[in-house]
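Please take a moment to look over the sequence and the model, and then follow the paragraphs below from the overall fold down to single residues.

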Amino acid sequence: MQYSNTGYLLLTALIENVLGLPYEQFLLENIFKPLQLKNTGIDHGRKIVKDLATGHSFWEEVIYTEFVDMSIPQ
């Protein structure tokens, strides 16, 4: 099993096209609310989210990873 950004973009597009609702709404109604995940959501890349986890890399020193815009199919 291997993670793939492209795979998640495809999954998002499939959910939106097959179910006819936004990916964010699908997650909210089917995963976040039933599991009472009150501090979980979709990062739109515009809002400042308190205590948001970010990725790190090492390039001669520890640095933040580059932001990848995952909102294309949304």
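Predicted model: local features only at pLDDT ≥ 70, side-chain atom pairs only at ≥ 80, totals over all residues.

The protein has 74 residues, of which 9% count as buried. Among contacts between residues at least 6 apart in sequence, 31% join residues that are at least 24 apart.

Which residues make up the largest nonpolar core? This core consists of 5 residues in all, namely I15, Y23, F26, L27 and F32, and helix α2, which covers residues 23-32, gives the most to it, with 4 residues. In soluble globular proteins, nonpolar side chains tend to be buried together. If we follow I15 and leave aside its neighbours within four places in sequence, we find I15 in contact with G20, L21, Y23 and F26.

Is T12 buried or exposed? T12 has a relative accessible area of 5%, and because buried means under 20%, this residue counts as buried. The side chain of T12 reaches the backbone oxygen of Y8 at a distance of 2.8 Å.

L14 is also found in helix α1, but its relative accessibility is 47%, so it counts as partly exposed, a class that lies between the buried cut-off of 20% and the exposed cut-off of 50%. Together with L10, V18 and L19, L14 forms a nonpolar patch on the surface, and these residues have about 410 Å² of accessible area together.

Finally, we come to the charged side chains. How many salt bridges are there in the model? The count comes to 1 salt bridge, which K50 forms with D51, the closest N and O atoms being 3.2 Å apart. Both partners lie on the outside in the sense used here, since K50 is exposed and D51 is exposed as well, exposed being defined as over 50% relative accessible area.

Notes. Residues numbered from 1 in each chain as written. Heavy atoms only, no water. Buried < 20%, exposed > 50% of the residue type's maximum accessible area, 1.4 Å probe, protein only. Polar contact = N/O pair within 3.5 Å; in protein donor to acceptor, adjacent residues only side chain to side chain. Salt bridge = Lys/Arg side-chain N within 4 Å of Asp/Glu carboxyl O. Core = buried A, V, L, I, M, F, W, Y, C linked by side-chain atoms within 4.5 Å. Helix = DSSP H or I, 4+ residues; strand = E, 2+ residues; numbered from the N terminus. Contact = heavy atoms within 4.5 Å. Patch = residues over 30% accessible without salt bridge, like charges linked within 9 Å, V, L, I, M, F, W, Y side chains within 5 Å. Areas by Shrake-Rupley, 256 points an atom, 1.4 Å probe, with all protein chains shown as cover.
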